[in-house]
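Student: I have a model open on my screen. Can we work through a few of its details together?

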Amino acid sequence: MTRTALALSLLITFSASAYTAFTPDARTGPAAFNQFEPAVAAHGDDYLAAWTSRGGVWISTLDAPIATPLDPGNLTAHGVSLSSGRDGYFAAWTSDQQLSAAVIDSFGRVERTTRVPIANTSGSIGGTTYTAWNGAVHIVLCQCGTLNVTLFDDNANVIAGPIDIGNPNARVSVTADDNGFLVVSSHVTPTADSIYGRRISSSGVAGDWFLIRETASVVQGLAATADGARDIIAWGDQFGVWSMAIGEPSAQLTPAPAMVTDALVEHGRLWIAYLEGVNGAPHYLTIGPDRNVTPPVRIQFDGFPARLASNGTSVLAVGTMAIADEDVFGSYITPAS
């Protein structure tokens, strides 16, 4: 039996780490199995993490004594994603050819769950979700049998959708901005991809796909975020990590093959998490308001790639490490360490 379902790493030196436990009690039952697909979001000063195990999907805040099953008894639940919400958090996942969405309060208690039928989720890409919130409306981008979006209000009531928006065999991401939401997707070709965007209004009106950037090789990982005035994307390919504000020139940030896993903007600084060498070690780097790029920093995760969240003061990276089982851990990160 292993210990914590989720721990916060205060020192990321693996051989001599000190951890503050999200769930300090010993894990039992389904929660004791390997944990995968971590997601993280912030509300106020706190964070909520979610992950998938053999027993379905689970959540935990920083100070929760134990992890909570998000979809009790459902062994098919997977592909969980998180965003902040009006009074806490918003979660989405798939199971049994349904999209599930839940409103979670600031203490990590599930207030309401809504289920929406979706297309067939069979296949290797089935059932991955991505969420974003614009202060009034939640969007869920579901990479299922089709690529579709569904909009919810703060009570998890469906506003619009599911809306079929294209090919699911792509790298995708979604972010909220002043115009509602922006979905970005790589359009797959045999030797190189192109990155396109599609705007979704807060009422569910989908615009046309528009070209953001042609790439010289296949896109490996794609993330979208916004800084208030601009939509920003980051991606990886065989030539390294790249970023650009839409409508502005792109910048190559690293030279080695990479897969971008997440991006966010905090206090004007862009944070990008990525795997160096596609299946290699997790790293992150930052770009300051002066456009200076900080040197890459290795994160001591060894399983699923890092996801990022900020509570306005600190940035938390969440990923997995193999101790006795594969467990979910978090680490506070700075631009330098």
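Tutor: Start with one side chain. The side chain of T129 reaches the backbone oxygen of A92 at 3.1 Å. Keep in mind that this is a predicted model.

Student: Which other backbone oxygen lies 2.6 Å from a polar atom of the T129 side chain?

Tutor: A polar contact needs N or O atoms within 3.5 Å. At 2.6 Å, this second oxygen is inside that cut-off. The residue that supplies the oxygen is G79.

Student: Is T129 buried or exposed?

Tutor: T129 is found in strand β11, residues 128-133. Its neighbours, leaving out residues up to four places away in sequence, include V80, W93, L99, V140 and C142. Buried means under 20% relative accessible area. T129 has 5%, so it is buried.

Student: What is the relative accessible area of T175?

Tutor: T175 lies in strand β15, residues 172-177. It touches A132, F181, L182 and D231, among others, not counting residues up to four places away in sequence. T175 counts as buried because its relative accessible area is 8%.

Student: Back to W93. Which residue is its bridge partner in β9?

Tutor: Look at the strand pair β8, residues 88-95, and β9, residues 98-105. They pair in the antiparallel sense over eight bridges. In β9, the partner of W93 is S100.

Student: Now the rings. What is the angle between the planes of W235 and W242?

Tutor: A search of the whole structure finds four aromatic pairs. One of them is W235 with W242, 6.1 Å centre to centre. Planes under 30 degrees apart count as stacked. This pair is stacked, and the angle is 5°.

Student: Which residue lies over the face of W242?

Tutor: W242 is buried, and so is W235. For a charge over a ring, the CZ of Arg must be within 6 Å of the ring centre. At 5.2 Å from the centre of the W242 ring, the residue is R213.

Terms used
Residues numbered from 1 in each chain as written. Predicted model: local features only at pLDDT ≥ 70, side-chain atom pairs only at ≥ 80, totals over all residues. Heavy atoms only, no water. Phe/Tyr/Trp six-rings, centres within 6.5 Å; stacked < 30°, edge-to-face > 60°. Buried < 20%, exposed > 50% of the residue type's maximum accessible area, 1.4 Å probe, protein only. Lys NZ or Arg CZ within 6 Å of the ring centre and 35° of its normal. Pairing = 2+ DSSP bridges. Helix = DSSP H or I, 4+ residues; strand = E, 2+ residues; numbered from the N terminus. Polar contact = N/O pair within 3.5 Å; in protein donor to acceptor, adjacent residues only side chain to side chain. Contact = heavy atoms within 4.5 Å.
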